[in-house]
Amino acid sequence: MGLLSRGLLLGVIIIGTISCALFEPPSITPPPKEVQSGCLMPPQSVALNKNELKIAGATIGDFAHGQLDYKSQPELVTIMSDASKDSLMVDYLVCVASSRGDVTTQEQRDHLRSKLDFMRGSPPPTPAQITEWQADHPFPGSAR
């Protein structure tokens with residue numbers, strides 16, 4: 001291959017590289033994520049549907065403090081059990097509880113994570129088991 005051919009080939013490669021760098025296709029911007037209480041909501045496909053996610057977010061403070069009546073609202077056991085099985089959902093719920101002031105210390109956040117970990121069982125714990133767990137593991141700090 002002659003010197004002229006090599007130079008021409010090198011020029012084509014350089015021009016091709018520059019044009020590819022200058023004319024990149026536009027990036028696709030992901031749709032904005034919903035935010036609740038300053039926390040990014042996890043994808044809906046994670047553990048709960050949108051309504052269940054709202055219920056979990058709305059009740060997380062009462063859940064953390066042991067103030068839910070699971071006997072009269074057994075669906076809350078299922079919702080919190082399903083939520084606890086996904087780490088993104090647990091992070092979201094702890095964030096919501098923290099940003100709303102339901103949990104304010106690291107000890108309280110750790111307690112909430114521990115309670116969500118307890119709820120992860122399959123099958124979910126019974127209302128009696130939840131009551132027993134709460135008695136054995138009281139919420140740290142001042143009562144609501």
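Helices are DSSP runs of H or I with at least four residues, and strands are runs of E with at least two, numbered from the N terminus. M80 is found in one of these, helix α3. The model is predicted, so local features need pLDDT of at least 70, side-chain atom pairs count only at pLDDT 80 or more, and totals for chains, interfaces and linings use all residues. Residues are numbered from 1 along each chain as its sequence is written, and side-chain values use heavy atoms, leaving out hydrogens and water.

Start at M80. Its relative accessible area is 0%. That makes M80 buried (under 20% relative accessible area; exposed is over 50%, partly exposed in between; 1.4 Å probe, protein chains only). Contact means heavy atoms within 4.5 Å. Beyond four places in sequence, M80 touches A56, T59, I60, F63, L93, L116 and M119. T59 lies 21 residues away in sequence, yet 9.5 Å away in space, C-alpha to C-alpha.

Now widen the view. A nonpolar core joins buried Ala, Val, Leu, Ile, Met, Phe, Trp, Tyr and Cys residues through side-chain atoms within 4.5 Å. The largest one here has 28 residues. M80 is among those with the most contacts inside it, along with I60, F63, Y92, L93, L112 and L116. Helices α2 (50–64), α3 (75–84), α4 (87–99) and α5 (106–119) each supply at least two residues of this core. Helix α4 gives the most, seven.

Finally, follow L116. Setting aside neighbours within four places in sequence, L116 contacts F63, M80, S84, V90, L93 and V94. Where do α2 and α5 meet? I60, F63 and A64 in α2 meet H111, L112, K115, L116 and M119 in α5.
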